[in-house]
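Work through the exercises below with the sequence and the model side by side. Try each task before reading its solution.

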Amino acid sequence: MLPPMTLLRLLLAGLLALGVLPCHAGGKKENAAAISFHLEGDAGDNPKMVFGQFVAGRERPFRLVPEVSGNDIAAFNPFPSRNGEGYGVLLQLKPAAKNRYAAITAANQGRWLLARVNGRIVDAALIDRQVADGEIVIWKGVALGDVQLLDKQFPRLGEKKPRG
């Protein structure tokens, strides 16, 4: 049996290690901004795998797992939205995501795609054709603070590095 003072020191050292080690996280940079695109599901989908959202006059189920996320983005370009609801952004996808998005839009015409930025649903678009150019547009609802976070994470179109 260890003396009480040694046990206390070991306990404190363990707690300190638990508090300090997660801060290093293997040197990986935490994402500054979260962007995801969720495809409209079916009424018969498992309720644990979808969330409901009011779009185009009715409640629709959208898949929890995004079809496109921040890991798929190569670059972006913000612009003022036409309706005055903050900003819009043009997102350029990485090559693998570009091909995947082309397949998704070809197979899901007539369904809605919902855009979420930092946890907020900001826009939705009806898929009416295949999109093969690897670009996704969010037309409205992106705040200036979101654009600033995107600048820290992704380069602007035509630039090599993020601005932040």
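Two strands pair if DSSP finds at least two bridges between them. Helices (H or I, at least four residues) and strands (E, at least two) are DSSP runs, numbered from the N terminus. The model is predicted: local features need pLDDT of at least 70, side-chain atom pairs count only at pLDDT 80 or more, and totals for chains, interfaces and linings use all residues. Residues are numbered from 1 along each chain as its sequence is written, and side-chain values use heavy atoms, with hydrogens and water left out.

**Exercise 1. The inventory**

State how many helices and strands the protein has, and give the order of its elements.

Solution. Count the elements: three helices and nine strands. Then read from the N terminus: α-β-β-β-β-β-β-α-β-β-β-α.

**Exercise 2. The four-stranded sheet**

Find the strand order of the open sheet of four strands, and trace its pairings.

Solution. Step one: the order is S4-S1-S7-S8, with antiparallel pairing. Step two: find the edges. S4 and S8 each have a single partner strand, so one side of each lacks a neighbour in the sheet.

Step three: start at the S4 end. Strand S1 (residues 35-39) pairs with S4 over two bridges. Serine 36 has serine 69 in S4 as its bridge partner.

Step four: go to the other end. Strand S7 (residues 112-117) and strand S8 (residues 120-126) are joined by six bridges. Arginine 116 faces isoleucine 121 of S8. The two strands make a hairpin with two residues between them, and asparagine 118 in the turn has a positive phi of about 50 degrees.

**Exercise 3. Two residues compared**

Is aspartate 146 buried or exposed? Is valine 65 buried or exposed?

Solution. Set the cut-offs: buried means under 20% relative accessible area, exposed over 50%, partly exposed in between (1.4 Å probe, protein chains only).

Take aspartate 146, in helix H3. Aspartate 146 counts as buried because its relative accessibility is 5%. Leaving out residues up to four places away in sequence, aspartate 146 touches Val117, Asn118 and Arg120.

Now take valine 65, in the loop between strand S3 (58-63) and strand S4 (68-69). Valine 65 has a relative accessible area of 54%, so valine 65 is exposed.

**Exercise 4. The whole chain**

What share of the residues is buried, and what share of contacts joins residues at least 24 apart?

Solution. Of the 164 residues, 34% count as buried. Among contacts between residues at least 6 apart in sequence, 57% join residues at least 24 apart.

Methods
Contact = heavy atoms within 4.5 Å.
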